[in-house]
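Subject: Structure handover

Hello,

Here is the structure you are taking over. My notes follow below it.

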Amino acid sequence: MKKITLKSLVSTMALAALILTPASLSAQHGASLEGAWDSQVTSTDCNGNILLAFRSFEAFHQGGTFTGTGNTPNPELGSPVLGTWQRTGMRTFNAHLQFFTFNPDGSFAGTVKIAGQIHLSDHGNSFTGTSTFAVYDPDGNLVFSGCNTEVATRLP
């Protein structure tokens with residue numbers, strides 16, 4: 001029977017620590033938010049009254065950027081969504097997103113800013129999220145705010 005030396009034990013522990021760093025975890029498919037997602041979003045007034053429900057395609061890019069687009073019933077409700085995201089835990093993330101809104105005549109109506117939290121499933125192929133949104137007029141004045149819930153599945 002061989003003796004385990006202190007040097008080999010330390011080397012093994014160092015290798016294990018390197019393998020389990022957040023950077024390597026994000027590279028593992030199961031713990032990574034990176035990729036394309038099909039999402040169902042429900043917007044409310046934060047009191048449970050549904051304002052809007054729509055589907056969205058979302059892409060979380062390596063390096064922490066985000067792009068998305070939704071099938072809202074009124075095209076004037078928004079443009080493509082841009083933003084950033086970051087890991088906050090093993091399977092948790094924060095995201096900050098923005099998009100433009102337009103009036104029915106096509107003129108600029110303002111912006112929407114979203115701040116949310118995402119919880120990736122154990123298998124890494126779905127997530128749930130909660131967020132708040134704030135609607136601003138063209139001068140940056142707050143017009144309305146509300147809440148979102150989201151359920152998403154990874155696109156193949």
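Which residues does Ile118 touch, not counting those up to four places away in sequence? They are Leu33, Phe60, Arg91, Thr92, Phe93, Ala95, Phe127, Thr128 and Gly129, where contact means heavy atoms within 4.5 Å.

Some ground rules come with the file. This is a predicted model, in which local features need pLDDT of at least 70 and side-chain atom pairs count only at pLDDT 80 or more, while totals for chains, interfaces and linings use all residues. Residues are numbered from 1 along each chain as its sequence is written, and side-chain values use heavy atoms, with hydrogens and water left out.

The fold first. Eight strands, β1 to β8 in order, form a closed barrel with antiparallel pairing. Strands are DSSP runs of E with at least two residues, numbered from the N terminus, and two of them pair if DSSP finds at least two bridges between them. Strand β1 (residues 35-44) is joined to β8 (residues 142-154) by 8 bridges, and Gln40 stands opposite Val151 in β8.

Next, the hairpins. β5 and β6 pair over 11 bridges, with Phe99 opposite Val112 in β6. Between these two strands lie 5 residues, and Gly106 in this hairpin has a positive phi near 95°. β6 and β7 pair over 10 bridges; Leu120 stands opposite Phe127 in β7.

Ile118 and Phe127 are also among the residues with the most contacts inside the largest nonpolar core, which has 17 residues. Such a core is a set of buried (under 20% relative accessible area, 1.4 Å probe, protein chains only) Ala, Val, Leu, Ile, Met, Phe, Trp, Tyr and Cys residues joined through side-chain atoms within 4.5 Å.

Regards

Definitions and conventions: Helix = DSSP H or I, 4+ residues; strand = E, 2+ residues; numbered from the N terminus. Buried < 20%, exposed > 50% of the residue type's maximum accessible area, 1.4 Å probe, protein only.
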